[in-house]
Amino acid sequence: MKILNFYASVGGNTERVAQRIGPVAADLGHEVETIAFKQGTEVDFLAYDFVFIGSGVYGGLPQGDLLAYLRSCMKSYKKAGHIKPGCPRISKTVVTYCTYSGNYTGDAEAITTNRVLYTLFDRLGFYQAASWQVIGAYLPENMQQMNVNGRLGDIRNRPNENDLKEIEEKVKGILKPHE
Ligand SMILES: Cc1cc2nc3c(=O)[nH]c(=O)nc-3n(C[C@H](O)[C@H](O)[C@H](O)COP(=O)(O)O)c2cc1C
């Protein structure tokens with residue numbers, strides 16, 4: 001399969017997850033393109049059979065530039081006739097994921113973000129195979145308190161090796177051909 005491994009990462013937490021997804025998918029024999037989103041990046045999601053899309057959570061939502069880009073894609077795909085009333089399913093799959101601290105409302109922040117990340121793909125007709133949430137500590141020096149006093153407790157040094165190994169297993173689980 002042709003796989004897009006697409007992510008937005010400001011501090012590097014989401015990038016660490018994406019860096020585990022790409023090699024595992026490639027090892028399974030897939031053709032994988034990894035793209036780190038930044039302002040000005042353009043991609044045709046419909047050119048892939050399977051998309052992994054990830055983002056850090058900011059203000060309870062996907063990273064702002066990525067969110068703006070996904071909204072602009074929605075407009076252009078609609079104009080080009082790819083978004084139809086009723087959004088019929090197409091034979092393409094997406095996995096959304098985010099890294100988040102959950103320090104305000106906990107898992108709700110990741111659930112919302114994953115749902116928002118899926119919106120464009122849902123309208124295009126992609127099937128959502130999974131939505132993953134990975135704890136990601138605040139990286140800025142002046143925000144370290146957030147890593148111990150939020151709803152998820154002590155999240156220092158997350159994602160850790162266990163979190164990343166779990167992602168590798170999930171990638172295998174979702175991409176392996178099942179008998
Ligand atoms: C300015 C700022 C705002 C953040 N806002 C939220 C938030 O609203 N909810 C949340 O769960 N995590 C929040 N976080 C934590 C990030 O989502 C978390 O550190 C994530 O792993 C960052 O991913 P990235 O380094 O790939 O961009 C925020 C972090 C920063 C620095």
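Mentor: Two residues are in contact if their C-beta atoms, placed from the backbone, lie within 7 Å. This is a predicted model, in which local features need pLDDT of at least 70 and side-chain atom pairs count only at pLDDT 80 or more, while totals for chains, interfaces and linings use all residues. Residues are numbered from 1 along each chain as its sequence is written.

Trainee: Which residues is Tyr97 in contact with, leaving aside its neighbours within four places in sequence?

Mentor: Beyond those neighbours, Tyr97 is in contact with Val17, Phe52, Gly54 and Asn114, and also with Ser131, Trp132, Gln133 and Val134.

Trainee: What makes Tyr97 stand out inside the largest nonpolar core?

Mentor: Tyr97 is among the residues with the most contacts inside that core, together with Phe6, Ile21, Val51, Phe52 and Ile53. The core has 40 residues. Parts of it come from β1 (2–8), α1, β3, α2 (64–79), β5, α3 (108–124), β6 (127–135) and α4 (161–175), each of which supplies at least two residues. A nonpolar core is a set of buried Ala, Val, Leu, Ile, Met, Phe, Trp, Tyr and Cys residues joined through C-beta atoms within 7 Å. In soluble globular proteins, nonpolar side chains tend to be buried together.

Trainee: How do you know whether Pro177 is buried or exposed?

Mentor: Pro177 has 6 other C-beta atoms within 10 Å, so it is exposed. Pro177 is in the segment after α4. From C-alpha to C-alpha, Pro177 and Leu28 are 9.5 Å apart, although 149 residues separate them in sequence.

Trainee: What does Asn160 count as?

Mentor: Asn160 has 13 C-beta neighbours inside 10 Å, so it counts as partly exposed. Asn160 is in the loop between β6 and α4. The C-alpha atoms of Asn160 and Asp27 are separated by 22 Å, and the two residues are 133 apart along the chain.

Trainee: What is the peptide bond from Arg158 to Pro159?

Mentor: That bond is cis, with omega near 0°. Asn157 has a positive phi, near 65°, and is a residue other than glycine. With 11 C-beta neighbours inside 10 Å, Asn157 counts as exposed.

Trainee: What is the phi of Cys87?

Mentor: Cys87 is not a glycine, yet its phi is positive, about 45°. Cys87 lies in the loop between α2 and β5. Its count is 13 other C-beta atoms within 10 Å, so Cys87 is partly exposed.

Trainee: How do you know what span is expected for α3?

Mentor: The expected span of a helix is 1.5 Å times one less than its number of residues. α3 has 17 residues, and 24 Å is expected. From first C-alpha to last, α3 reaches 25 Å, close to that value.

Trainee: Where is the kink in α3 centred?

Mentor: The kink is centred on Tyr118 and is about 40°. That bend is the angle between axes fitted to the seven residues ending at a residue and the seven starting there. The buried residues of α3 include Leu117 and Leu120, and the cover over its buried residues includes β3, β4 (61–62), α2, β5 and β6. After α3 comes Gly125, with a positive phi near 105°.

Trainee: How many residues surround the ligand?

Mentor: There are 24, and the closest are Gly11, Asn13, Thr14, Gly56 and Gly136. The shell divides into ten nonpolar, twelve polar and two charged residues. Here Ala, Val, Leu, Ile, Met, Phe, Trp, Tyr, Cys and Pro count as nonpolar, Asp, Glu, Lys and Arg as charged, and the others, Gly among them, as polar. The helices (H or I, at least four residues) and strands (E, at least two) are DSSP runs, numbered from the N terminus.

Technical notes: Near = placed C-beta within 6 Å. Buried ≥ 20, exposed ≤ 12 C-beta atoms within 10 Å, placed from the backbone.
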